[in-house]
Amino acid sequence: MIELSEKIGGHVYQLKLSMPMEPGHVFSYVVRLNNECIMIDAGYPSIDLLNPLIEKLKGIPNCRLSVLFITHMHIDHTGLANELSSKLGLSIAMHRRDYEQVLKMLNRDLFIKEFLELLQYYGVPDVEMKMYRSVINGIASRRRLSDVNPDIIINGEEERIGDVHVLLTPGHSPGHISIVIDEYGIAFTGDLILPTITTHVGLTAINPGNPLSDYFTSLFKIRSIGPRCLYPGHEGEICNVSGRINELIEHRVSRLCEVLNALRSNELTIFEVTKALKWMDNKNYVDLDPMNRYMALTETAALIKYLESLGIVKEGNDHRYEIVKEVPCDTQRLIPRLS
């Protein structure tokens with residue numbers, strides 16, 4: 001149920017906690033800094049995990065926990081935060097941008113209303129709306145499984161809290177943070193960068209703006225600090241940091257090109273573009289389960305919003321998009337800040 005392993009002798013510990021969603025586990029970490037320890041992320045909100053987790057934490061020698069950092073608002077990372085704070089006297093640290101979205105979700109009716117309005121804007125037909133309403137209801141219900149009340153609100157793009165270097169790294173969520181430990185040359189990146197899984201970057205009611213642009217900026221930010229290894233929220237550590245970031249950039253560029261290819265034949269809504277693309281092992285949209293349909297739709301919206309921000313596509317009548325500037329499908333043209 002919980003596996004404890006030592007990643008950097010006497011300094012970094014990894015806790016692997018089970019959860020009922022893909023990929024079936026999530027990592028929390030404990031880092032020793034001088035005379036105290038910090039914790040990063042709080043697992044899935046399963047009360048059955050609480051006491052075993054506390055016992056594992058107490059088993060780490062000479063480790064007085066002081067602060068629990070939440071990398072982002074999703075429930076597999078906030079899960080047991082309040083309970084751990086109450087029982088162990090931890091202060092909870094979280095970025096304001098994500099905390100504001102948590103508060104929005106707790107207003108269930110408003111949250112669902114905003115989401116359904118966004119789906120209509122994306123061109124989701126009435127026949128699909130019942131399915132999407134069920135998905136959104138499920139998301140709202142899961143949020144209520146895990147309340148989180150931060151004691152320390154992080155406001156900026158970059159802050160130092162004691163020996164902890166905090167970077168705002170949005171894209172997966174608006175207030176996603178990465179925890180950099182300069183002394184060890186490592187960073188804890190939540191769901192920003194995973195070893196094999198492609199992080200979901202979707203344009204949603206709780207991840208507004210231009211999340212794909214934010215995501216690229218976050219990748220560049222991590223690359224610029226040059227960490228030796230990354231410790232993410234799932235799968236395993238990443239020590240070929242630059243190589244993995246390049247893979248993630250190339251993947252997004254290929255998806256942007258697929259969107260442009262779909263739009264070359266006709267003006268399409270975001271929903272229609274979603275149906276034109278392939279997903280998850282080359283599946284069609286109609287072959288996806290409801291949650292993955294939602295993820296595909298919101299990812300397509302983020303891709304189109306990003307292309308719109310570059311002046312490559314624009315929105316026309318009935319929320320249909322068209323290409324207004326032809327560009328080669330290459331990294332330099334689609335991510336101009338790399339040029």
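The following dialogue explains how to read several features of a predicted model.

Q: Which radius of gyration does the chain have, and why does it agree with a compact globule?
A: The radius of gyration is taken over C-alpha atoms, and the globule rule is 2.2 Å times the number of residues to the power 0.38. For 339 residues a compact globule would have a value near 20 Å; the chain has 20 Å, so the two agree. The C-alpha trace spans about 65 × 45 × 35 Å along its principal axes.

Q: How many of the residues are buried?
A: Buried means under 20% relative accessible area, exposed over 50%, and partly exposed in between (1.4 Å probe, protein chains only). In this chain, 54% of the 339 residues are buried.

Q: How many aromatic pairs are there?
A: Rings of Phe, Tyr and Trp (its six-membered ring) pair if their centres lie within 6.5 Å; planes under 30 degrees apart count as stacked, over 60 as edge-to-face and the rest as tilted. The count here is ten aromatic pairs. In one of them, Tyr121 and Tyr122 have ring centres 6.1 Å apart and planes at 55 degrees, so the pair is tilted.

Q: Are Tyr121 and Tyr122 buried or partly exposed?
A: Tyr121 is partly exposed, at 25% relative accessibility, whereas Tyr122 is buried, at 1%.

Conventions:
Residues are numbered from 1 along each chain as its sequence is written. This is a predicted model: local features need pLDDT of at least 70, side-chain atom pairs count only at pLDDT 80 or more; totals for chains, interfaces and linings use all residues. Side-chain values use heavy atoms; hydrogens and water are left out.
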